[in-house]
Amino acid sequence: MNLDFDIIGRTFPYLWNGFLYTVQLTAIAAVGGLFFGTFLALGRLSPIKPLSLVAAGYVNLMRSIPLVLVLFWFFFLMPTVLQLITGGERPPQIGAERTAIITFIMFEAAYFCEIMRAGIQSIAKGQVHSAYALGLTYGQAMRLVILPQAFRNMIPLILTQTIILFQDTSLVYVISATDFTGAASKVAQRDGRLIEMYTFVAAVYFVLCYVLSYAVKLLQRKIAVIR
Amino acid sequence: MNKLLDWRIFFQELPGGGEQYWQLIVSGIYWTLAVSACAWVIALVIGSVIGTIRTTQHPWLVRAGNAWVELFRNIPLLVQMFLWYFVIPEFIPPLKAWIIASAPAHAQFIAAVLCLGLFTSARVAEQVRAGIQSLPRGQRNAGMAVGLTELQVYRFVLLPMAFRIVIPPLTSETMNLIKNSSIALTIGLAELTFRSREMGEYTFRFFEAFSAATLIYIAIGMTANRVMAFVEKRVAVPGFIASGGK
């Protein structure tokens, strides 16, 4: 067996672009997922029955089917839905990369919802009551009192979920988007260098995720001391 | 046939003839269940051993167990799948010869089972370790005090309680495993998601095909959930909230 690890150097700009897309997708999906996930969590905890039912139904649906299937769903539905919205003659072409971003925001929102729900529920009830007693509205109480604390309590979980998300973004491979894994796989198949490319990808992911989860562990210890 | 939705599509024959589309989907369900079941057994056995040795007093065993968990947790499952299918056989010539000689489905199945089994074993190990460590320290000490060996303490005192405690987290790992088995489609294994996409491509009825797959995943997940809840109830130790079930 002859190995040619130089191929990584030769194709580095292409791999780097793929890696940048992976990071971009992770960041956008994490921020967007957290944003919509927080609203979903407020919906699930809302006393308005239909609202909490819809939010719970959405979250449970997303959590009970595989991410690969969710990617296929969005990849196939998105052009049709956009056509309905824009009312155009034919479905707009938005490409695998943008489809993946929307899919991951929608998918991660369900997971971040559960984290934020736990965070909100970890805040003492008295805080809500005292916020209302001060004359704050629901929106103000949530925005100024409850959510900042819930968010802070859940930072380690949110970061851990983001690391999982970082790994999961490799699945955009199934809709042929060129993320880090996708770029490596395209090079591997073009040049018949599967061993070198996949070992390299595995090593990069391992080092990054190991260091990041170690950092989260340290942060967790630090936050625990402050509380 | 130009209706927006047409559920009769499942009873239409494939282009090759003979089979109908619902049979295609059912063959996918078989593979999903077979891969998940085999991988689950591997994950449970190896995960229990690794999780247990991480709670012992032997530093090298603990380190080896931790390394195992970190290794499988920090590489995306998709990349692990590629490693098992494309890379590892290259380093074992007899294995590669066997793969070339046998049907592709066999090699795909074995790679997927090993990949999912070992990946899930790392997660099971985390749960088992947490379960053992959640037991009061006095239990281990009491076991030692009545003269049990370390193995006996685990066998008769710690593990029987720990396994009951970890049933709920193991339930969600089981459901994750079933969902993760869909990643095997990337190495060509014809499981449920693969078959539903195939049906969509043949008929251009993606909505019907993906709806079927979605409902089937929900049904399989709920069944697994109920089975585990039943086990949890059956093995509950009276008087313990942690193992009481609902």
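Predicted model: local features only at pLDDT ≥ 70, side-chain atom pairs only at ≥ 80, totals over all residues.
Figure 1. Chain B brings 25 residues to the contact and chain A brings 26, two residues being in contact if their C-beta atoms, placed from the backbone, lie within 7 Å. On the side of chain B that touches chain A, the elements giving two or more residues are helix H3 (77-91), helix H9 (192-203) and helix H10 (206-234) of chain B. Helices are DSSP runs of H or I with at least four residues, strands are runs of E with at least two, and both are numbered from the N terminus. This side of chain B has 15 nonpolar residues (Ala, Val, Leu, Ile, Met, Phe, Trp, Tyr, Cys and Pro), four charged (Asp, Glu, Lys and Arg) and six polar (the others, Gly among them).

**Figure 2. Helix H7 of chain A, residues 138-153.**

**Figure 3. Fold of chain A.** Chain A has ten helices and zero strands. Its C-alpha trace spans about 75 × 55 × 25 Å along the principal axes. Of the contacts in chain A with a separation of 6 or more, 73% join residues 24 or more positions apart.

Residues are numbered from 1 along each chain as its sequence is written, and chains are lettered from A and ligands numbered from 1 in the order written. Local features need pLDDT of at least 70 and side-chain atom pairs count only at pLDDT 80 or more, while totals for chains, interfaces and linings use all residues.

Notes
Expected span 1.5 Å × (residues − 1).
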